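Dear colleague,

I am handing over the structure below, and I would be grateful if you could look through it alongside my notes.

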Amino acid sequence: MNGDPRTRTVTQATRAQQGGVVCEVLSGQGVASRHVLSERPAVVGSEPSVDVVIAEATVSRKHASFEATPRGVRVKDLGSRNGTWYLGASVTDAMVPFGATVRLGKTLVRFVAGADAGADGGPVIDGLQGASVAFGEHRTQLKRVAATDVPVLLRGETGSGKEAAARALHLAGSRGPGPFITFDGAHASAELLDSQLFGHKKGAFTGATENRAGAVELADGGTLFLDGVSELPAEAQVRLLRVLETRKYTRLGDDKPRESDFRLVSASQHDLEKLVRERCFREDLYFRLAVAVIDVPPLRQRAGDVRLLAEHFAAQRGITLDGVTLAAWERAEWPGNVRELKNAVERYELNLSPGGAGPAPVVARSKVIGEVEKSLLVAALEQHRYDVNQAAQQLGLSRSQTYRLMQRHGIEPRKRERGS
């Protein structure tokens, strides 16, 4: 709880005792708040005087009541205007098992018990949604490591949520109030990599019109998330290792050493141990990065989480998903993992029928949006002679997002075409 003003307990206890039950708000304006439940019914609603306050427009003043029992949480709807929903059905009085998610209007809440509820007094990892066994184990690992300051290596497939895990580690640790800086090693410019990572002095190279801090300097007092670490060239690996050993670095074109105190969280979708054996990655750097190793589970291993995540993303956008689409999504493979699912929800919103009759077929909708997406991307790249930075700015995307979009549509990066 740590004095977070968003957290309000129903009982007088300052934290859940062993076997205690916590209600976590997963979406809406009360996102990341946690409420300890007792054995007496707790009234939930938007009214300031109730036991669990969720100040969200679709939550009634006295929406429902939650009562902790040894078998789960008894949920009663109190005549709310937008309903209380569990497993896609409206409920008036239901026993909900621990780990399950309930929707109040457009707000999702989840019930966790015992150690999963933070009963050990350890750090709370907020902002990560999942009720599956695989995700519960992942979340527990994050909690343990968040209490330390050691370097962490996150391993997982593309789109599985490595950046979300890194951000959760940062926020739950002692460096939470400090900066969280992301550096994408997979798509960093080879010519400007040193400048982007360590900064540069004015005049260090053509176009360096001012002094600029790099990612290492910006992360001072916080966390540096180094994504795509396996893609760093050998020279950058040497310089990064030196920084990790000494905490000192030098801006490009400068001779003044500087210091930065940061926690390093790195991520890779490739097997770094294999790359070390193949002499494609420095062994000494690997051991510096992998003091703690956490595997982020792919979505196909997280049974039941597709519906929870889809409804969470939909609630963030103020929409409701139809049951047919949810059922189809639960059977899908999702090779792009959580990121692909989030994109699917965004496409769903774009293609709701104007007459309110429901969305177009999922396959047809995805194909149409994919074609439009690709045409907009190609047009922006051609307009700016394949200058990815300018194309990204026009599209309202980050540089790394634009590269990922190019990869998705099979568009190869080109050297920037020069004008006459």
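**Salt bridges, a helix pair and confidence**

The side chains of Asp254 and Arg258 meet in a salt bridge, with 3.7 Å from N to O, where a salt bridge is a side-chain nitrogen of Lys or Arg within 4 Å of a carboxyl oxygen of Asp or Glu. Asp254 counts as buried, at 18% relative accessibility; buried means under 20% relative accessible area, exposed over 50%, and partly exposed in between, computed with a 1.4 Å probe on protein chains only.

Before going further, please note that this is a predicted model, in which local features need pLDDT of at least 70 and side-chain atom pairs count only at pLDDT 80 or more, while totals for chains, interfaces and linings use all residues. Residues are numbered from 1 along each chain as its sequence is written, and side-chain values use heavy atoms, with hydrogens and water left out.

By the salt-bridge rule, the count comes to 15. One of these pairs is Arg239 with Asp194, whose closest N and O atoms are 3.0 Å apart. Because Arg239 lies in helix H5 (residues 234–246) and Asp194 in helix H3 (residues 193–198), this pair ties together parts that are 45 residues apart in sequence; helices (H or I, at least four residues) and strands (E, at least two) are DSSP runs, numbered from the N terminus. Arg239 itself counts as partly exposed, at 30% relative accessibility. In the salt bridge between Asp305 and Arg302, the closest N and O atoms are 3.0 Å apart, and both Asp305 and Arg302 are buried. Salt bridges that share partners also join Asp149, Arg175 and Asp261 into one network.

Turning to helix packing, H12 (residues 388–395) and H13 (residues 399–408) pack at an angle of about 95°, with their axes 9 Å apart; the axes are lines fitted to C-alpha atoms, for helices over the stretch in contact, and angles run from 0 to 180 degrees between N-to-C directions. In H12, Val388, Asn389 and Ala392 meet Arg399, Thr402, Tyr403 and Met406 of H13.

As for confidence, the mean pLDDT (the predictor's confidence in each residue, from 0 to 100) of the protein chain is 79, and 83% of its residues reach 70 or more. Confidence is lowest in helix H11 (residues 362–383), at a mean of 65, and highest in strand E12 (residues 152–155), at 95. Where pLDDT is low, the predicted coordinates should not be read in detail.

With best regards

Conventions: Contact means heavy atoms within 4.5 Å.
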